[in-house]
Amino acid sequence: MKKVLGVTLGILTAIGGFVDIGDLVTNALVGARFGLHLAWVVIVGVIGICLYAEMCGRVVAMSGRPVFDLIRERLGPRTGLLTLVASFLVTLLTLIAEIGGVALAFELASGVNYLLWMPLAAFAVWLVIWRVKFSRLEQVFGLMGLLLVVFAVALFKLGPDWGELLHQATRPHPIGPEDWSTYAYFAIALFGAAMTPYEVFFFSSGGVEEKWTRRDLVTARSNVFVGFPLGGILSLAIMGCTAVLFLPAGIQVGTLGQVTLPVAVALGKIGLAIVLIGVFAATFGAALETALSCGYTIAQYRGWQWGKLVRPREASRFHVVMIVCIVLAMLTLLTSVDPVLVTEYSVVFAAMALPLTYLPILIVANDPDYVGKETNGPLRNAFGLVYLALLVVASLAAIPLMIITKGGQ
Amino acid sequence: MPRTPDTSGRVLHAQLHLLDRQLIDQADGHLAGKIDDVELDLDADPPVVAALITGRERITARRIAAIDTAVTVVVEDLDLDYYDNWVENHVIAKIPGAGDATE
């Protein structure tokens, strides 16, 4: 019974934890501009993250070593360093976006400008990392993030023409004033939002924090194969809401307020309250995950003691990295750069770093030294290679498309 | 190659099995850096690993306790935690709660 409870809890946490500021903003923005004509990318992205997160979970459960530990071991110090720099910068950018998202959620709830909330949000993120046990922080914010299901309820309440939505979803091409270049640009953004590198760093390091062994393979797999797809459905619900409400009116999404507006329209004040708590939990939870991932990547590359399973003073350099990152994020946001814009760029930069992150995982998941008999079968390798090719294409196309479309305008 | 009770006779590939691998302190299980370089004794036949280099410290082969997905070593008097201790004493220990387990 305890086992079932543990698995259920893990799945619920994975659903709530799947959506972060990148998914919220990108899905809402895409829904308003392209309807569901890009919905297929979310599905492709979710399958990709499931495929690779499962490999990470397996490597951790079998070898007790997290991903970044092995990236340097298998790529060598130089390529490893390149991977570290790229992944770290993208994760830091994501951290900036998440803390901005927390402050924006407070602004929406209180009417007080987000810049005033921001130092408080940053401090709260640090305090939780400093004081709260790993399993607890993962569960609390994951479960609260489940409140975002309200987007799915709102979509039903808006009473859309389901035939029209299905029609859009099955026709993958740009519409109205959009052309193929913006279509491709936002496809890459959605892909980057679904497969953000920090997810695998956090997932695999979390496996070590929770002391996974081969007996936890079931837990790891159920989190991945049930939790992530359900999280993907949340993403699609967000896209559907803005597709129904904003697309016909020709309104573009540029603020977090607009992301939550469909819920307020459909469900009134109570809906708005629920969605704001959900947005807060999703962004705060992701801020914790990205801040920890900043520490995980550097500490694991250098071989330092890391993790929340030891007291802070025993992992001092790990904690210093996180403090510096949170302060950097706060200073960046205090320049009054628009957090929503930071988010839009962070998912595209994430797409650029993807091949560097995922290639070593594919290599290690085939190495009997680490996973024993649990190496990838031919099917998983075939899928893994197809996705690697996709990641390379997305990564190479990201910058040219960003220039051609002037950042998706 | 180092000869220890559980790896005796095992042929290891220095680049694959040692280089850039995580070091673990046998005494407390703490992570103690990466293997930056491997020093070989070329006079022996066949050549054997003489020491592992991490940062500025040299870990002689007889200190190696186990080689698995990480390498466990007997640290004793080696100062592998120099920088970590410096950061601990100058920054982290000054913040309240640094020595407490999380709740």
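A:His319 is buried, with a relative accessible area of 3%; buried here means under 20% relative accessible area, with exposed over 50% and partly exposed in between (1.4 Å probe, protein chains only). This histidine sits in helix H13 of chain A, residues 316-334. Helices are DSSP runs of H or I with at least four residues, strands are runs of E with at least two, and both are numbered from the N terminus. Setting aside neighbours within four places in sequence, A:His319 is in contact with A:Ile129, A:Trp130, A:Pro312 and, from the other chain, B:Ile92. Contact means heavy atoms within 4.5 Å.

A quick word on the ground rules. This is a predicted model, where local features need pLDDT of at least 70 and side-chain atom pairs count only at pLDDT 80 or more, while totals for chains, interfaces and linings use all residues. Residues are numbered from 1 along each chain as its sequence is written, chains are lettered from A and ligands numbered from 1 in the order in which they are written, and side-chain values use heavy atoms, leaving out hydrogens and water.

**The two chains**

Chain A has 16 helices and 0 strands. Its radius of gyration is 20 Å, close to the 22 Å that the globule rule gives for 409 residues, so chain A is as compact as a globular protein of that length. That radius is taken over C-alpha atoms, and the rule is 2.2 Å times the number of residues to the power 0.38. Along the principal axes, the C-alpha atoms of chain A fill a box of roughly 55 × 50 × 45 Å.

Chain B has 2 helices and 7 strands, running α-β-β-β-β-β-β-β-α from the N terminus on.

Here are the chain totals, with accessible areas from the Shrake-Rupley method and a 1.4 Å probe.

| Item | Chain A | Chain B |
|---|---|---|
| Buried residues | 59% of 409 residues | 45% of 103 residues |
| Accessible surface | about 15000 Å² | about 5700 Å² |
| Surface belonging to carbon and sulfur atoms | 71% | 50% |

**Cores**

The largest nonpolar core has 144 residues, and A:Leu38, A:Tyr52, A:Leu95, A:Ile99, A:Val125, A:Phe151 and A:Tyr358 have the most contacts inside it. Such a core is a set of buried Ala, Val, Leu, Ile, Met, Phe, Trp, Tyr and Cys residues joined through side-chain atoms within 4.5 Å. Helix H12 of chain A supplies the largest share of this core, 18 residues. Apart from it lies another core, of 17 residues, among them B:Ile35, B:Val49, B:Ile64 and B:Leu80.

Beyond four places in sequence, A:Leu95 touches A:Ala287, A:Thr290, A:Ala291, A:Cys325, A:Ile326 and A:Ala329.

**Along helix H12**

A:Gly278 lies in H12, which spans residues 256-302, and this glycine is buried at a relative accessible area of 0%. Not counting residues up to four places away, A:Gly278 touches A:Met144, A:Gly145, A:Leu147 and A:Leu148. A:Pro177 is 101 residues from A:Gly278 in sequence and 33 Å away in space, C-alpha to C-alpha.

A:Leu70 is 231 residues away from A:Tyr301 along the chain, yet their C-alpha atoms are separated by 8.4 Å. With residues up to four places away left out, A:Tyr301 touches A:Phe68, A:Arg72, A:Pro77, A:Gly80, A:Leu81, A:Leu84 and B:Lys34.
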